[in-house]
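This report goes through one protein chain, region by region. The sequence and the model are shown here.

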Amino acid sequence: MEDLFEICGKKDHYTIDDAKKLHKQQWSNAEYQASLDMEVNGTRAISKEGMLSVLKLRSSYISQRGATLNNPHVTSNFLKSFIGTDRSINEDWAMKLKQIAKEYLLGNPNHPFG
């Protein structure tokens with residue numbers, strides 16, 4: 001839930017516009033409508049848990065695609081080269097990815113994001 005709040009802001013509920021910020025034009029209107037799992041003052045909305053599911057789907061899509069906005073395509077063969085190393089991510093990938101990024105920044109203090 002912390003990741004959801006960090007990425008989408010901490011809200012009591014979310015809107016289709018919030019979901020569109022994550023999925024861009026990857027989803028059909030029917031998929032956005034299907035994500036509406038609660039009602040607030042007569043208006044359909046997305047619960048925190050529902051939005052977390054939307055975020056997980058987007059994260060899965062990005063990791064399977066191997067690319068993110070403004071970054072070159074990362075092939076599956078490149079990612080396979082990390083299997084069996086300390087950079088391999090088998091489970092709890094979000095925590096492991098954060099750990100890898102922190103270690104990198106600690107080892108590269110002049111990096112612009114450090």
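## Ser35 and its surroundings

The side chain of Ser35 lies 2.6 Å from the backbone oxygen of Tyr32, a polar contact (a pair of N or O atoms within 3.5 Å; within protein, one must be able to donate a hydrogen and the other to accept it, and residues adjacent in sequence count only if both atoms are side-chain atoms). The model is predicted: local features need pLDDT of at least 70, side-chain atom pairs count only at pLDDT 80 or more, and totals for chains, interfaces and linings use all residues. Residues are numbered from 1 along each chain as its sequence is written, and side-chain values use heavy atoms, with hydrogens and water left out.

Ser35 sits in the loop between α3 (29-34) and β1 (38-40); helices (H or I, at least four residues) and strands (E, at least two) are DSSP runs, numbered from the N terminus. With a relative accessible area of 11%, Ser35 is buried. The classes are buried (under 20% relative accessible area), exposed (over 50%) and partly exposed (in between), with a 1.4 Å probe and protein chains only. Not counting residues up to four places away in sequence, Ser35 touches Trp27, Ala45, Ile46 and Val54, where contact means heavy atoms within 4.5 Å.

Ala45 belongs to strand β2 (residues 43-45) and is buried, at 4% relative accessibility. Which residues is Ala45 in contact with, leaving aside its neighbours within four places in sequence? They are His13, Tyr14, Ser35, Leu36, Asp37, Met38 and Val40.

Asn41 is placed in the loop between β1 and β2. This residue counts as exposed, at 80% relative accessibility. Its phi is near 50 degrees, a positive value in a residue other than glycine.

## Helix α2

Helix α2 covers residues 16-23, and Ile16, Asp18, Ala19, Leu22 and His23 in it are buried. Seen down the axis of α2, these buried residues fall within an arc of 155 degrees, so they line one face of the helix; the arc is that of the directions from the helix axis to the C-beta atoms. Asp17 and Lys21, on the other side of α2, are exposed.

The N-terminal end of α2 is capped by Thr15, which has a side-chain oxygen 3.3 Å from the backbone nitrogen of Asp17. Just after α2, Lys24 has a positive phi of about 55 degrees.

## Salt bridges

Side chains of opposite charge can pair when their charged atoms come close. A salt bridge is a side-chain nitrogen of Lys or Arg within 4 Å of a carboxyl oxygen of Asp or Glu, and by this rule the count is two. One of them joins the side chains of Lys98 and Asp3 at 2.8 Å, N to O. This pair links distant parts of the chain, with Lys98 in helix α6 and Asp3 in helix α1 (residues 2-8), 95 residues apart. Lys98 is partly exposed, with a relative accessible area of 37%, and Asp3 is partly exposed at 29% relative accessibility.

Lys11 and Asp18 also meet through their side chains in a salt bridge, at 2.9 Å from N to O. Lys11 is partly exposed, with a relative accessible area of 31%, whereas Asp18 is buried at 8% relative accessibility.

## Overall architecture and surface

The protein has six helices and two strands. From the N terminus on, the elements run α-α-α-β-β-α-α-α. Of its 114 residues, 24% count as buried. Among contacts between residues at least 6 apart in sequence, 47% join residues at least 24 apart.

The protein exposes about 8,600 Å², of which carbon and sulfur atoms supply 53%; accessible areas come from the Shrake-Rupley method with a 1.4 Å probe, and for residues only the protein chains shown count as cover. Ile89, Trp93 and Leu97 make a nonpolar surface patch of about 290 Å². Patches are made of residues with over 30% relative accessible area and no salt bridge; like charges are joined within 9 Å, and nonpolar side chains (Val, Leu, Ile, Met, Phe, Trp, Tyr) within 5 Å. Leu97 lies in helix α6 (residues 93-107) and is partly exposed, at 44% relative accessibility.
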